[in-house]
Amino acid sequence: MSDDETYHLWYWNFGRFAGRGEYVRIQFIEAGVPFTQEKDNERITRRFKGLKPEDEYPDQFPCLAPPMIETSKGFVICQAPVVTKYIASKLGLLPKKEEDKWHAEQFCATVADLVSEGNAGFHGFDTSAGYGEPPNDKTQLAIIQDVFNKKRLPRFLNYFERVLAYNGNNGFLFGDSISYADLSLFICMRATESSYPDTVKQLKSTLPILFKFVESIAARPNIAAYLASPDCKEPRGSSMM
């Protein structure tokens with residue numbers, strides 16, 4: 001990381017609500033690199049939901065929604081999987097091998113798919129619904145949750161188990177050191193256990209490598225200290241957030 005470059009995270013500041021911003025935060029935590037966070041929700045709303053935010057930020061590339069990283073050099077980028085890869089490139093958290101870098105991107109796209117499908121289990125197909133808003137069609141929601149719990153979630157978690165096994169069950173997804181993909185999986189699993197606890201409990205005994213991995217990441221010094229601190233934002237128990 002450049003000595004004179006700093007990072008500012010834009011994400012909704014709703015108390016101890018983790019959300020997708022946690023995928024970004026955890027990288028700074030693991031790397032021991034300081035960062036700042038936007039705390040003014042009105043400013044965030046203006047930037048991402050205003051009719052013409054470019055009037056206030058004319059020199060920055062338009063970003064649709066947080067999480068967004070803004071560097072001290074004025075560079076901005078959003079979309080959690082893209083932000084995490086960008087930050088990883090700055091903090092030394094990319095896999096070492098070229099092929100692993102591509103597979104890590106593939107893996108993180110799969111994590112994003114799980115988050116999206118799991119979120120639909122709480123809001124149906126209304127992608128405009130806020131995290132705390134109930135769905136309009138409860139019958140539709142029940143069908144989505146049933147399919148997700150019985151078919152989709154087991155398939156995703158089994159895939160994660162297979163990737164960890166493919167790398168030799170050494171505690172990492174790629175190579176012999178931690179990468180942004182490991183951190184993304186860790187946060188995804190925290191959200192999944194919070195949002196779908198019964199299904200995860202049923203599957204846990206069939207996925208020993210995956211849950212050993214979750215425990216090992218949680219025990220890493222910087223992450224363990226963060227999880228025990230008042231700064232740690234917890235998953236909300238719904239919406240994969």
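Biologist: What should I know before I start?

Modeller: The model is predicted, so local features need pLDDT of at least 70 and side-chain atom pairs count only at pLDDT 80 or more, while totals for chains, interfaces and linings use all residues. Residues are numbered from 1 along each chain as its sequence is written, and side-chain values use heavy atoms, with hydrogens and water left out.

Biologist: At what angle do the axes of helix H5 and helix H6 cross?

Modeller: Helices are DSSP runs of H or I with at least four residues, and strands are runs of E with at least two, numbered from the N terminus. Axes are lines fitted to C-alpha atoms, for helices over the stretch in contact, and angles run from 0 to 180 degrees between N-to-C directions. Here the axes of H5 (residues 138-166) and H6 (residues 180-195) cross at roughly 150° and come within 13 Å. That makes H5 roughly antiparallel to H6 (under 35 degrees is roughly parallel, over 145 roughly antiparallel, 65 to 115 roughly perpendicular, the rest oblique).

Biologist: Which residues in H5 and H6 meet?

Modeller: Contact means heavy atoms within 4.5 Å. Leu153, Leu157, Phe160 and Leu164 in H5 meet Leu185, Met189 and Thr192 in H6. By class, six residues of this contact are nonpolar, one is polar and none is charged. Ala, Val, Leu, Ile, Met, Phe, Trp, Tyr, Cys and Pro count as nonpolar, Asp, Glu, Lys and Arg as charged, and the others, Gly among them, as polar.

Biologist: Is serine 184 buried or exposed?

Modeller: Buried means under 20% relative accessible area, exposed over 50%, and partly exposed in between, with a 1.4 Å probe and protein chains only. Serine 184 is in helix H6 and, at 5% relative accessibility, counts as buried. Leaving out residues up to four places away in sequence, serine 184 touches Tyr23, Thr84, Cys108 and Val111.

Biologist: What about lysine 73, buried or exposed?

Modeller: Lysine 73 counts as exposed, at 58% relative accessibility. Lysine 73 lies in the loop between strand S3 (68-71) and strand S4 (76-78).

Biologist: Which residues touch the most other members of the largest nonpolar core?

Modeller: In soluble globular proteins, nonpolar side chains tend to be buried together. A nonpolar core is a set of buried Ala, Val, Leu, Ile, Met, Phe, Trp, Tyr and Cys residues joined through side-chain atoms within 4.5 Å. Of the 70 residues in the largest one, Ile69, Phe107, Phe160, Leu185 and Leu210 touch the most other members. H6 gives the largest share of this core, nine residues.
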